[in-house]
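Biologist: Let us go through the labels on this model one by one. For each, I want the value and the cut-off behind it.

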Amino acid sequence: EIAKKAVLAARAQSEGRDAASVTTSKEAFDYAASELAPYNVDIVEVVAWWKKWHDSIKHYVSVTEAVDLWVEEHHFKTGKTNKSEAYWQGMKDTYLGPFKKTFPDRQITTLTKEDFVHYLFEVKTGVSHAQKKEHSNKLRTWLGWCITKGFFSNQTKPLDGIKYGKDAPKKGADERIVSVEVLRSALDFCALGQTPRDLNIGIILAIRVFVGFRARETYTLRFRAIKDRNKGIIRITPNDEPKTFARNPDLQPATIEWLNHFMDRFPKGQKPKDDDWLMPKTDTHQKIAKERITTGGWRQHLGHSKKSSWGSRWEAWAKANNRPFQRLEQNRVRDTFASCALIVIGQDKTLYGMGENNPATLKKWYYNAIDSDGAKAHFEFRPDDEEKEIAHENKIQEIMDEAGLNREQAELVANGASVNGVQLDFDNEITFTQESED
């Protein structure tokens with residue numbers, strides 16, 4: 001009966017007639033056989049395929065309904081799956097959201113290969129061919145989930161056979177690698193501490209520039225991650241939010257200097273505690289330990305949509321002070337680290353710092369050509385001597401105020417000595433031993 005209805009309708013449509021005008025089964029089957037002959041397919045195979053397709057669809061839903069249900073079921077806190085917030089956010093905002101916006105009311109069962117080609121090549125015009133493939137893979141994952149829900153048939157594979165072009169080879173460091181001059185400009189601006197969270201951003205940038213952590217892995221850390229920085233250690237644990245795996249890569253000497261550079265600038269009484277968020281939700285230090293910044297808040301704060309955002313303020317400061325400026329677009333800092341680290345610390349340590357396992361992935365997504373001198377310079381630039389002297393002088397004054405030492409004694413402590421039981425710990429904080437208390 002299904003076959004009869006299908007071929008009757010096909011015959012009528014081909015002749016511009018109403019389906020009811022094709023009245024005999026023989027007419028219909030003859031027409032179907034002639035149409036299928038070039039494909040070496042007979043009517044029995046067509047009927048079998050149609051029945052499988054039809055039987056696999058349990059619910060007819062729109063793209064919007066299917067995307068919204070996926071987002072609900074995969075929520076990192078309330079969903080039924082064990083997905084990270086980063087994965088959930090990426091699928092929702094980067095991959096499924098734009099697709100839903102393109103085909104909001106379309107019934108999923110009507111999506112064709114042509115629809116996906118239109119989306120990947122006419123809608124997603126600002127992404128590389130490699131990124132188009134990634135979009136395709138994520139949509140394939142979503143369609144696979146739709147099949148398990150009975151929204152889509154496993155008999156159709158609209159993403160198969162799509163041809164992607166090849167991206168042009170990257171032309172050099174100037175396209176993706178952020179120069180030392182620009183990085184120093186950004187870090188120097190953070191050190192001014194125009195707002196309380198500028199110092200926090202400086203710490204996050206230093207970790208990303210010199211260690212290679214992902215942005216979200218870094219701004220969701222607590223200060224305990226860098227408490228052993230003077231031992232050359234930074235930690236991202238399973239209790240944090242690593243995208244791939246926990247790790248504790250070694251810190252380069254310049255990294256330690258930059259981290260201490262920012263830590264020393266927190267005002268007295270506002271020094272972060274180990275359990276405080278590396279990037280708090282608010283600029284009010286009293287609320288630092290309460291909430292961390294959200295993914296949307298981080299993107300907005302580093303962006304240029306508001307004059308009060310860090311990105312806009314850095315740009316204005318750089319122009320006013322004749323300092324270099326460059327928008328730190330997605331992955332640009334991480335790409336810079338990878339390119340330089342491959343030369344300076346080698347492939348294994350680069351992969352480990354970045355939380356990657358596959359060398360092919362590293363070179364596909366992050367590597368750009370840079371010469372050896374440029375790579376070494378990336379890991380060797382430190383806070384300006386003048387800035388270091390200011391920080392050192394502030395530390396001496398702090399020691400004199402808190403420990404009651406004279407200047408000569410305070411200078412010895414600031415340089416690493418112990419005087420009357422007063423010394424600096426690994427966090428560069430003043431400590432008092434039993435000797436001083438007696």
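Biologist: What makes serine 62 count as buried or exposed?

Modeller: Its relative accessible area is 14%. Buried means under 20% relative accessible area, exposed over 50%, and partly exposed in between (1.4 Å probe, protein chains only). Serine 62 is therefore buried.

Biologist: Before we go on, what are the ground rules?

Modeller: This is a predicted model, so local features need pLDDT of at least 70, side-chain atom pairs count only at pLDDT 80 or more, and totals for chains, interfaces and linings use all residues. Residues are numbered from 1 along each chain as its sequence is written, and side-chain values use heavy atoms, with hydrogens and water left out.

Biologist: Where is serine 62 found?

Modeller: In the loop between helix H3 (43-56) and helix H4 (63-73). Helices (H or I, at least four residues) and strands (E, at least two) are DSSP runs, numbered from the N terminus.

Biologist: Which residues is serine 62 in contact with, leaving aside neighbours within four places in sequence?

Modeller: Pro104, Asp105, Arg106, Gln107 and Ile108. Contact means heavy atoms within 4.5 Å. Aspartate 105 is 43 residues from serine 62 along the chain, yet their C-alpha atoms are separated by 5.5 Å.

Biologist: How do you know whether serine 136 is buried or exposed?

Modeller: Its relative accessible area is 2%, so serine 136 is buried. This serine is found in helix H7. Beyond residues up to four places away in sequence, serine 136 touches Leu120, Leu159 and Tyr164.

Biologist: Why are H5 and H7 called roughly perpendicular?

Modeller: Helix H5 (residues 85-102) and helix H7 (residues 129-149) pack at an angle of about 100 degrees, their axes 10 Å apart. Axes are lines fitted to C-alpha atoms, for helices over the stretch in contact, and angles run from 0 to 180 degrees between N-to-C directions. Angles under 35 degrees count as roughly parallel, over 145 as roughly antiparallel, 65 to 115 as roughly perpendicular and the rest as oblique. H5 and H7 are therefore roughly perpendicular to each other. H5 makes the contact through Tyr87, Met91, Thr94, Tyr95, Leu96 and Phe99, and H7 through Glu134, His135, Lys138, Leu139, Thr141 and Trp142.

Biologist: What makes H10 oblique to H15?

Modeller: The axes of helix H10 (residues 196-210) and helix H15 (residues 332-344) cross at roughly 40 degrees and come within 7 Å. That angle makes H10 oblique to H15. Here Arg208, Val209 and Phe210 of H10 meet Val333, Arg334 and Phe337 of H15.

Biologist: How do you know that the buried residues of H16 line one face?

Modeller: The buried residues of helix H16 (residues 347-354) are Thr350, Leu351, Gly353 and Met354. Seen down the axis of H16, they fall within an arc of 165 degrees, so they line one face of the helix. The arc is that of the directions from the helix axis to the C-beta atoms. Asp348 and Lys349, on the other side of H16, are exposed. Glycine 355 follows H16, with a positive phi near 75 degrees.

Biologist: Why do cysteine 146 and cysteine 340 count as buried?

Modeller: Cysteine 146 has 0% relative accessibility, so it counts as buried. Cysteine 340 has 2%, so it counts as buried too.
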